[in-house]
Amino acid sequence: MTRLILSGAGGRMGRILAEKCRENDIQVVAGVDIRATKADFPVYSSIADVKEEADVVIDFSHPSSLPSLLTFSEEKKLPLILCATGYSEEDIGNIRASSALIPIFRSANMSLGVNVLVALVRKAAEALEGFDVEITEMHHNKKLDAPSGTANMLLKAVTDADEEKYPLYDRHPLRRPRDPKEVGMHSLRGGTVVGDHSVIFAGQNETLTISHSAESREVFAMGAVRAILYMQDIKAPRLYDMNDVIGNLL
């Protein structure tokens, strides 16, 4: 049985993941959360206080937890799975540095469907040279970061195909024709929307839209379960992502 330390145990994703772990032969041996959290495993306010032995650490909390997660995982030589979004460039640099010492899995979106979406967008961007590209995303009204981490994954898929492409966030106020090299980025927030993402390729007399809708947070939890089971046996230090878990998508 895989032994897991769950950071962000008291959050919505943490609670859903804990349930999915019970269904998939994964034992949450300890949780971490700054809030008082009731669970059938011990929950600490700091990961530095965790005494239980584990095989993997996963984080569904907040970028501010990153330094303590990296320190703990390096000291214990444990694979670390990072599922939070909103990391700064400094954070990303620290993640890369630590991945030279321990295996680190990082994905801004744990959904299998979203990762297929990213692969499809990359292929479309390579094939549809000269098409205008717009990216839209909508999430619930409690989400803190904008654009979403997934929207940034989609943007990278586009710019990988054409390095001259650049993001333009919203368009107000703006009075000029559209630059063919800009990628419009639009963030919508409201209600309880789990996550909707669309990439629009607009050309001469034709438009292609590729989209994904998450109807439940369970899709992220199930992706996380797959990542946990994959990373438990990983020893080689480097950065991993969902492509390593599911193989070549297309």
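Start with the cysteines: a search of the whole structure finds zero disulfides (pairs of cysteine sulfur atoms within 2.5 Å). C21 is in no disulfide, and the nearest cysteine sulfur, that of C83, is 11 Å away. This is a predicted model: local features need pLDDT of at least 70, side-chain atom pairs count only at pLDDT 80 or more, and totals for chains, interfaces and linings use all residues. Residues are numbered from 1 along each chain as its sequence is written, and side-chain values use heavy atoms, leaving out hydrogens and water.

Now colour by accessibility. Buried means under 20% relative accessible area, exposed over 50%, partly exposed in between (1.4 Å probe, protein chains only). C21 counts as buried, at 1%. C83 is buried too, at 8%.

**The sheet**

Switch to cartoon. Helices (H or I, at least four residues) and strands (E, at least two) are DSSP runs, numbered from the N terminus. Two strands pair if DSSP finds at least two bridges between them. Seven strands form an open sheet, ordered 3-2-1-4-5-6-12, with parallel pairing. Select 43-44 and 239-240: these are the edge strands, strand 3 and strand 12, and each pairs on one side only.

Next, select residues 80-82 and 104-106. These are strand 5 and strand 6, running parallel and joined by three bridges. Pick L80 in this pair: its bridge partner in strand 6 is I104.

**Helices across the sheet**

Contact here means heavy atoms within 4.5 Å. Axes are lines fitted to C-alpha atoms, for helices over the stretch in contact; angles run from 0 to 180 degrees between N-to-C directions.

Show residues 66-76, helix 2. This helix lies across strand 1 (2-7), strand 4 (56-59), strand 5 and strand 6, at about 160 degrees to strand 5. Then show helix 6, residues 218-231. The strands that helix 6 lies across include strand 2 (26-32) and strand 12, and helix 6 runs at about 155 degrees to strand 4.

**Backbone stops**

Most residues other than glycine have a negative phi, and most peptide bonds are trans.

- Select K77, in the loop between helix 2 and strand 5. Its phi is positive, near 60 degrees. K77 is exposed, at 61%.
- Go to D170, between strand 8 (166-169) and strand 9 (182-189). Phi of D170 is also near 60 degrees. D170 is partly exposed, at 41%.
- Finish at A146 and P147, joined by a cis peptide bond with omega about -5 degrees. P147 sits in the loop between strand 7 (132-139) and helix 5 (149-161).
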